[in-house]
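Let us walk through this model together, one region at a time. Keep the viewer open as you read.

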Amino acid sequence: MVFETLHASQLKGQRPHRTDMTLHYAVFGQPIAHSLSPRIHAAFGAQLGIALDYRAIEAGRAEFPHALDAFAHAGGRGANVTLPLKEDAAALCASLSERARRCGSVNTLLREGEGWHGDSTDGAGLLRDLRERHALDPRDQRILLLGAGGAARAAAFALAGAGAGELAIANRTHERAAALAAALGAPARALAWSGLAEAGAFDLVVNATAAGHAGATLALPSTLFASDALAYDLSYGRAAQPFLAAARAAGATHAVDGLGMLVEQAAESFALWHGRRPDTAPVYAALRG
Ligand code: NAP
């Protein structure tokens, strides 16, 4: 199947899609050509018999507000937003869900009247993947979160809300980890990256940094992983490989990427738009295959 990617500039002057019954959705980001979201939403729509058009639209931060306006004008009903636009999307919304407001980032937009309602489904997607695919319930677990960007914030609030016993946060820019830990309160605490070797052992280590996209490997001390620990990278495909390899070398028993989270957060967006939750298992299996 081939999915067309549009550039934001191609949206200018598009007429509203008033003549067909197809529902129009999109994912905005930069880069976006390799996004799996069009494939995932097409599969969900086919599964539930919902006719929808979901395309990828390349837009940087400067182009995004106009591109989103043009998309709404052309009949866009909902959108996903990815790097680097999640915080900009939150600022553009007329209303926000409680979870989006808390983590200050939006990955799902729903057209309501003349404005956008914003939600963040990343945290729920992570929890569902951990629980259902990897048999890990965060309750009472010792968890280390690497990163303090938009996805890390969503993950942190979700993990803390799920009853994590301990939530240590380390980030390249320490101040951001400290601010996130302060926003969460107990049991969260910020750790200096240089102090990871003395931080003890964790049941779950979540990589929410974007380091793998640049091919960078994070230094992971061998003391980090408790027995039977899970290493989880939010990214997937090639970007996840440096962290997963480093985690295995440091003694992690299990090391998995974020493909399952991607499918689960998409299902959560889909349910918000269409009022029905798709079965994610066959879609995940097809992508993994
Ligand atoms: P972001 O807001 O740009 O945050 C990037 C984070 O990575 C920051 O904490 C940054 O640290 C850190 N970082 C970047 N390069 C680094 C390096 N070379 N070494 C160490 N730390 C580095 O990005 P995001 O939206 O949170 O996305 C983060 C990751 O999650 C991406 O890989 C993205 O693909 C993935 N993600 C996956 C899903 C899914 O559904 N599976 C959903 C959302 C995001 P500083 O604060 O120091 O800059």
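**A guided tour of the model**

Pro31 sits in the loop that runs between β2 (23–29) and α1 (37–48); helices here are DSSP runs of H or I with at least four residues, strands are runs of E with at least two, and both are numbered from the N terminus. The peptide bond joining Gln30 to Pro31 is cis, with omega about 5°. A cis peptide bond also joins Leu83 and Pro84, where omega is about 0°. Pro84 is placed in the loop between β4 (76–81) and α3 (86–92).

A word on the ground rules: this is a predicted model, in which local features need pLDDT of at least 70 and side-chain atom pairs count only at pLDDT 80 or more, while totals for chains, interfaces and linings use all residues. Residues are numbered from 1 along each chain as its sequence is written, and side-chain values use heavy atoms, with hydrogens and water left out.

Now step back to the whole chain. The protein chain is divided into domain 1 (5–120 + 263–288) and domain 2 (123–257), with bounds that come from an automatic or database domain assignment. Taken over C-alpha atoms, the centres of domain 1 and domain 2 are 27 Å apart. Their contact (heavy atoms within 4.5 Å) takes 14 residues from domain 1 and twelve residues from domain 2.

How much area is buried between domain 1 and domain 2? The value is about 1200 Å², and carbon and sulfur atoms give 53% of it; buried area means the accessible area (1.4 Å probe) that two parts lose on being put together, summed over both. On the side of domain 1, Arg102, Cys103 and Glu264 supply 39% of the area buried against domain 2, more than any other three residues.

Charged pairs also span this boundary. A salt bridge here is a side-chain nitrogen of Lys or Arg within 4 Å of a carboxyl oxygen of Asp or Glu, and three salt bridges are counted between domain 1 and domain 2. Arg133 pairs with Glu264 in a salt bridge whose closest N and O atoms are 2.7 Å apart. The elements that give two or more residues to the side of domain 1 touching domain 2 are α4 (98–103), α9 (259–274) and α10 (280–288).

Arg102 forms a salt bridge with Glu98, with the closest N and O atoms 3.9 Å apart. Both Arg102 and Glu98 lie in helix α4, four residues apart, about one turn of the helix.

Next, turn to the ligand. Which residues are closest to the ligand? Ala151, Asn171, Thr173, Arg176 and Leu234 are the closest of the 24 residues that surround the ligand, counting residues with a heavy atom within 4 Å of it. An N or O atom in the side chain of Thr173 is 2.5 Å from an oxygen atom of the ligand. For the side chain of His213, the distance from an N or O atom to an oxygen atom of the ligand is 2.8 Å. Gly149 has a backbone N or O atom 3.4 Å from an oxygen atom of the ligand.

One backbone detail remains. Ala135 lies in the loop between α5 (122–134) and β8 (142–146), and its phi is near 50°, a positive value in a residue other than glycine.

How values were computed
Polar contact = N/O pair within 3.5 Å; in protein donor to acceptor, adjacent residues only side chain to side chain.
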